[in-house]
Amino acid sequence: MDHARRREQLWQRAREQRLDAFLVISVERSDRPNLRYLTGFTGSFGILVVREKPLFITDSRYTEQAGKEVPELPIEEVKGRWFSWLAEKLTALGVKRVGLGAHRTSLHVYQELTRLAPGIEFVPQAGLIEDLRRVKSADEIARIAAAAQLTDAGLKWVLGQLASGRRERDVALDLEIWYRRHGAEAVAFDLIVASGPGSAMPHYRPGERTIARGDVVLFDIGAQVDGYCADLTRVVAVGDPGGEAREIYRIVLEANRAGLEAVREGKGGKDVDAAARDVIVRAGYGDRFGHGLGHGVGLEIHEAPGVGPASEDTLAVGNVVTVEPGVYLPGRFGVRIEDLVAVTADGCQTLSGFPKDELIVL
Ligand code: ZN
Ligand code: ZN
């Protein structure tokens, strides 16, 4: 990972905003993705001062780790309260206009720094780093692909032992343990295993319900590998789910394919959404597909660009996005089919390979 190049790109953008420095502050992991993107640091507390000669700041808990993870930057250790220490440091550096990431810096941090360093103007900046992160390098896509392959393999494993009578939360926990045991640093988000009526809630939380024969079971799952997330949704049935479930599955699959076919460089996020949504609307289930079609994925599970009716983003080569149409029938069941793809000049490369052509009945 070329962290130095990323910092240079950010510094260039900061200078265009007439900033003397740009601060990335992560307290209790508050901005870990951006800090990791720019330095490789994985700890919970770190501050990067981006300028001509960048500086990395942490506390004694992480000095040794920072030395290993961020070897190319000078590392300074905060003494005492970090707010006052940083305010003094910045004052000593002689900077006057300092950018702060608007998405991830708390109002408290902004107010304290403004109070403690009255000679410095702190300028909130929205999206400076997040925009850089949209376009993934080949290295990043390789890591996301590795996370996606592990995600597929875990689903294959867990389906091998799925049966009626099992509790949703046990299935989700087994899968999480499998991912960690097989190389994931974490799960990318709280894994969703939703059976029967639970599958009709797009962000369901697996609970005490035991899977019954005839249930649709929705898995929305992802492993995180080397910081990068994967995101996959597949629906299976335990025993015959009935004709309507099969029909909805067929419609959602067609929408998923239409969405995937629409993905390419230069396409608007809302146009890709429309391509998939049209299929569901034409089938008469338009009001049963409430969420956007997809989202960017990278160091975070939800990042730019957006793929939905309100998206103003245009897809570019190197974006990694999901395509995840769904139809939800409240109180009964829901079907969502989600794939993860990297945008290319003439289409997309699918990173999730788990079979979807037929509704799998166990
Ligand atoms: Zn998902
Ligand atoms: Zn998703």
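Predicted model: local features only at pLDDT ≥ 70, side-chain atom pairs only at ≥ 80, totals over all residues.
Residues are numbered from 1 along each chain as its sequence is written, chains are lettered from A and ligands numbered from 1 in the order written, and side-chain values use heavy atoms, leaving out hydrogens and water.

**View 1. Helix 1 meets helix 2.** Residues 3–16 form helix 1 and residues 32–39 form helix 2; the two pack at about 115° with axes 6 Å apart. Helices (H or I, at least four residues) and strands (E, at least two) are DSSP runs numbered from the N terminus. Axes are lines fitted to C-alpha atoms, for helices over the stretch in contact, and angles run from 0 to 180 degrees between N-to-C directions. The two helices are therefore roughly perpendicular (65 to 115 degrees). Look for His3, Arg6, Arg7 and Leu10 of helix 1 touching Arg36, Tyr37, Leu38 and Thr39 of helix 2 (contact: heavy atoms within 4.5 Å).

**View 2. An aromatic pair, Phe41 and Tyr62.** The structure holds 6 aromatic pairs (ring centres within 6.5 Å; planes under 30 degrees apart are stacked, over 60 edge-to-face and the rest tilted). Here the ring centres are 5.6 Å apart and the planes stand at 85°, so this pair is edge-to-face. Phe41 sits in the loop between helix 2 and strand 2, and Tyr62 in the loop between strand 3 and helix 3, so the pair ties together parts 21 residues apart in sequence.

**View 3. The largest pocket.** This pocket holds about 630 Å³ of space. On a 1 Å grid over the protein atoms alone, a pocket is an open set of points with protein on both sides within 12 Å along at least five of seven lines, and lining residues have an atom within 4 Å of a point. Points are joined across faces, edges and corners, and the volume is the space filled by probe spheres set on them. Of its 27 lining residues, Phe189, Asp190, Leu191, Ile192 and Tyr204 are closest to the centre. Helix 8 (168–181), strand 13 (294–296) and strand 14 (303–307) each supply at least two lining residues.

How values were computed: Parallel < 35°, antiparallel > 145°, perpendicular 65-115°, else oblique. 1 Å grid on protein atoms, 1.4 Å probe; cavity = no way out; pocket = protein on both sides within 12 Å on 5 of 7 lines; lining within 4 Å.
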